[in-house]
Amino acid sequence: MRSLPRLEELTTANLTAALRIRVRPEQEHNVEPVAESLAEAYVHAPGVAWPRLIVDGDRTVGFLMAFLDIDWRTDGSLFRSGLWRLNIDAAEQGRGYGRFAVEAVAAEIRRRGGKEMYVTWHAGPDGPEEFYLRLGFRRTGEVSGDQPVGVLAL
């Protein structure tokens, strides 16, 4: 019987497992390594970043980091929540963990009163755009840096 995936907060006990997560080589340019995400959470976005491990049974299968009420334009005029990073280990892809991660972040945003969930992605043939569109995100027409912005109504 397969266990259900769950989210876990990062701790000293699971940090090494988190740092071992590696996406497929052709995906490496699409998402930052877990170590860089954790550094960003600590330095740039304490209180806004929501990093979690995706665990199935005793296996660490992925990492996600949400942003919760981030100052989107950095001028106090617009606050958004969404999925910032999603790293599913190369050996664990195709098993529904990405979908689980998106649904878990959506549930947390809903729990906090949010009505929309945002995501950005690297465009290109090996990028995650189709994954997000299949889950119901729609392009907003905005670009953040050089990445398209998607939104999912909650």
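Serine 144 counts as partly exposed, because its relative accessibility is 34%, which falls between the 20% limit for buried and the 50% limit for exposed. Bear in mind that this is a predicted model. The residue belongs to strand 6, which covers residues 138–144. Setting aside neighbours within four places in sequence, the contacts of serine 144 are Trp72, Thr120 and Val149. Glutamate 116 is 28 residues from serine 144 in sequence, and the C-alpha to C-alpha distance between the two is 17 Å.

Which residues have the most contacts inside the largest nonpolar core? They are Ile54, Leu83 and Met117, in a core of 24 residues. At least two residues of this core come from each of strand 2 (49–56), strand 3 (59–71), strand 4 (79–88), helix 3 (97–111) and strand 5 (116–120). Helix 3 is the biggest contributor, with eight residues. Apart from this core lies another, of 16 residues, including Val34, Ala45, Phe67 and Val151. As background, nonpolar side chains tend to be buried together in soluble globular proteins.

Take methionine 117 as an example. Not counting residues up to four places away in sequence, methionine 117 touches Val102, Val105, Ala106 and Ile109, among others. The list of its contacts also includes Leu83, Phe137, Val151 and Leu154.

Now helix 3 itself. Helix 3 has 15 residues, and from first C-alpha to last it reaches 21 Å, close to the 21 Å expected at 1.5 Å a residue. Its buried residues include Tyr97, Phe100, Val102, Val105 and Ile109, and Glu108 is also one of them. The cover over the buried residues of helix 3 includes strand 1 (6–8), strands 2, 3, 4 and 5, and helix 4 (129–134). After the helix comes glycine 113, with a positive phi near 95 degrees.

What is the volume of the largest pocket? About 1000 Å³. It is lined by 39 residues, and the closest to its centre are Asn30, Val31, Leu86, Pro128 and Tyr132. Strand 3, strand 4, helix 3, strand 5 and helix 4 each give two or more residues to the lining. Strand 4 gives the most, with six residues. By class, the lining of this pocket has 15 nonpolar, 14 polar and ten charged residues.

That is what I have; questions are welcome.

Methods: Residues numbered from 1 in each chain as written. Predicted model: local features only at pLDDT ≥ 70, side-chain atom pairs only at ≥ 80, totals over all residues. Heavy atoms only, no water. Core = buried A, V, L, I, M, F, W, Y, C linked by side-chain atoms within 4.5 Å. Buried < 20%, exposed > 50% of the residue type's maximum accessible area, 1.4 Å probe, protein only. Helix = DSSP H or I, 4+ residues; strand = E, 2+ residues; numbered from the N terminus. Contact = heavy atoms within 4.5 Å. Expected span 1.5 Å × (residues − 1). 1 Å grid on protein atoms, 1.4 Å probe; cavity = no way out; pocket = protein on both sides within 12 Å on 5 of 7 lines; lining within 4 Å. Points joined across faces, edges and corners; volume = space filled by probe spheres on them. Nonpolar A, V, L, I, M, F, W, Y, C, P; charged D, E, K, R; others polar.
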